[in-house]
Amino acid sequence: MRRSNRTTILFFFVCLSLWATCTAQAQAPAGRQQDRFYSSSSEELNRLQDFFRPSLKANEKVFAGRSNLVSGFGAGASYPQIWLRDSATIIPLSRYYYPLEYLTSWIEEHLSHQRESGELYDWIAAGAAGNFIGGAPLAKEVYKGVDAAGKPVIISADKNSTEADQETSAVDAAYQVFQITGDRSWLTKSINGRPLVSRLDDSLEYLLKDRFDASHGLITNAFTADWGDVSPTYADQRAIYLDSKTPVVAGLYTNALFYRAATQLALMQAAAGSSERASYWRARADTIRANINKHLWQESRGFYKLHLLLTPALLPDAPDDSDIFAMGGNAVAALYGVADERQAGRIFEVAERRQREYNISTIGGTLLPPYPRGFFKHPAVSDEYAYQNGGQWDWFSGRFLLAEFERGYSVRAYKQLLEVARKCARSGGLHEWNDKSGEARGSANYAGSAGVLTAAVVQGLFGVYLNHTRLDLRVRLAQRAARISLRQPSTNSYLSYRYSYDERRGRITLSYESSARAQQGRVCILLPQDRRPIALLLDGARRSYTREAVGEDRYACALTDWKPHRLELRVAR
């Protein structure tokens, strides 16, 4: 639990000139026009984005680091540090508002403080360790020096060692940046004498050497509430540290993130020229995925068990938690491909059923049911439906919603996205967590939530897949009119499209253009329910198309370049 006291280059999302009077701007509150980059037929969804950019701006961090100026973001209003796991989840939003240094410099700074074992700290911050020990008793000063102007520089750091997702989060952050820029030279940039990608390699090797259970072939972490960082052992801040009295588990969330990171590292090693390490990490990823499904999938329940208790003697009163649905671990298992198509569908069904059963206002309930009151001794999580013990977290509902969109359950995902948007509007913004009814709790302006909800909207609903080699659109708007305009400062590229559906005439229209480097890509249009495609026209000329099925979703797809075009899809019952 990050109870230790845990952004502005001006950038505009600009509507194209023909959209100068677009609904998004017309309806935006005074002073907020530039914060809105999409407009849809749902004002509830439109209002959600009003919280995105302010959450970043409130968390901007710029300070002198070990070698360069560090630019990044805190996790929320209560957290002055730059946390690895939070920052990795902010990139889906920050990529569209901030220049390259806000994506890269904090990653490089974290790696510059890597320990010889390959282990990484949880957070770094400017200032003396004494500023942080109230919430992080083991915080220490990891660097002292002077900046270019001769002023003293002190960097402090600590690690919530109950968790084992710091190293995998570093890999994920670097992978996202590489996908955005395609800069192979950045992967081999020297960080204290070692290439950046080699330091990432070392970080995952650390987990395989020091946090690994050979009997199950899985990464270990402390017993916590799913993805959380508080063990049941202590009632004070010792609960965030792994020691000889702390029970150990092989956790679903930890291992799903390791699978993702090993897959990502394989791709980065291949890009950096190391086919041997790429093959090595692909094999490790496959093994971890197989072992997650072997030891944690519960066929009778339709979801993954949140962990295996490896040290029962240290927790003799542990309740049977096999029926606790863990949102975090199951969300990332579905999103990153640990779960196959059938498993993902069952996970989504269970999540919706548990939401109704436990009367949670959105899909974001983290543990349903929660651990009984008093099982966790720390006051932050001792109560049911509080903090990580069953509270609602947009930080995970965003990833769950993206998984539903990606795996072909767009109708369900859209309905649940609107529930989240309504809850955020009622509670006045993006908070660290919400109670059972949706009341705001914890830190305000929680930037990680802004990041993952942006991903759910931009990639999930609007279907924008933009990287350095390719741009694809998988538009999941169905019967809803909408438009979007994105600019990416790090690559100086833009994308915009406008979508509408004339149900009476059976016409879907998509007008689009982009300056993406990709010469060609695909446009896939989600078919409204009970409709089938009968013809596709591009700028008035008939074009061939293919049909695709993903989960419950059905698409019509065509190849395109990214010059200005008008696509018309004709549909019928």
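**Entry 1: ground rules**

I worked with a predicted model, in which local features need pLDDT of at least 70 and side-chain atom pairs count only at pLDDT 80 or more, while totals for chains, interfaces and linings use all residues. Residues are numbered from 1 along each chain as its sequence is written, and side-chain values use heavy atoms, with hydrogens and water left out. I took helices (H or I, at least four residues) and strands (E, at least two) as DSSP runs, numbered from the N terminus.

**Entry 2: α4 against α6**

I looked up how helix α4 (residues 84-94) sits against helix α6 (residues 166-181): the angle is about 25° and the axes are 8 Å apart. Axes here are lines fitted to C-alpha atoms, for helices over the stretch in contact, and angles run from 0 to 180 degrees between N-to-C directions. I therefore list α4 and α6 as roughly parallel. The cut-offs are under 35 degrees for roughly parallel, over 145 for roughly antiparallel, 65 to 115 for roughly perpendicular, and oblique for the rest.

I noted the α4 and α6 crossing as left-handed (the near helix is turned anticlockwise from the far one by less than a right angle; clockwise would be right-handed). For contact I used heavy atoms within 4.5 Å. On the α4 side I found Leu84, Arg85, Ala88, Ile91 and Pro92, and they meet Gln166, Ser169, Ala170, Asp172, Ala173, Gln176, Val177 and Ile180 of α6. By class, this contact of α4 with α6 holds eight nonpolar, three polar and two charged residues. Ala, Val, Leu, Ile, Met, Phe, Trp, Tyr, Cys and Pro count as nonpolar, Asp, Glu, Lys and Arg as charged, and the others, Gly among them, as polar.

I then checked burial in α4: eleven of its eleven residues are buried. Buried means under 20% relative accessible area, exposed over 50%, and partly exposed in between (1.4 Å probe, protein chains only). The buried residues of α4 include Asp86, Ser87 and Thr89.

**Entry 3: α6 against α9**

I found α6 also packed on helix α9 (residues 252-271), at an angle of about 45° with the axes 9 Å apart. The pair α6 and α9 is therefore oblique, and I recorded its crossing as left-handed. The α6 residues in this contact include Val171, Tyr175 and Phe178, and those of α9 include Phe258, Leu265 and Met268. I count the residues of the α6 and α9 contact as eleven nonpolar, three polar and two charged.

**Entry 4: the five-stranded sheet**

I traced an open sheet of five strands in the order β21-β22-β26-β30-β29, with mixed pairing. Strands pair if DSSP finds at least two bridges between them. At the edges I found β21 (464-466) and β29 (546-550), each of which pairs on one side only. Neighbouring strands of this sheet are turned by 20° against each other on average, direction ignored.

I followed strand β30 (residues 553-560) to both of its partners. β29 runs antiparallel to β30 and is joined to it by five bridges; valine 550 is opposite aspartate 553, and arginine 547 is opposite alanine 556. The hairpin of β29 and β30 has two residues between the strands, and in it glycine 551 takes a positive phi near 55°. Strand β26 (residues 521-526) pairs with β30 in the antiparallel sense over six bridges, and there cysteine 524 stands opposite cysteine 557. I put β30 down as largely enclosed by the rest of the structure, because six of its eight residues are buried.

**Entry 5: β2 and β3**

I looked at strand β2 (residues 60-64), where Lys61 and Phe63 form the covered face and Glu60, Val62 and Ala64 the uncovered one. In a regular strand the side chains alternate between the two faces of the sheet. β2 pairs antiparallel with strand β3 (residues 69-73) over five bridges, and a hairpin of four residues joins them. The bridge partner of lysine 61 in β3 is glycine 72.

**Entry 6: backbone details**

I found a cis peptide bond from leucine 368 to proline 369, with omega near 0°. Proline 369 is in the loop between β18 (367-368) and α13 (394-406).

Asparagine 359 lies in the loop between α12 (341-357) and β18, and it counts as exposed at 60% relative accessibility. Asparagine 445 has a positive phi of about 50°, sits in the loop between β20 (440-441) and α15 (447-461), and is partly exposed at 27% relative accessible area.
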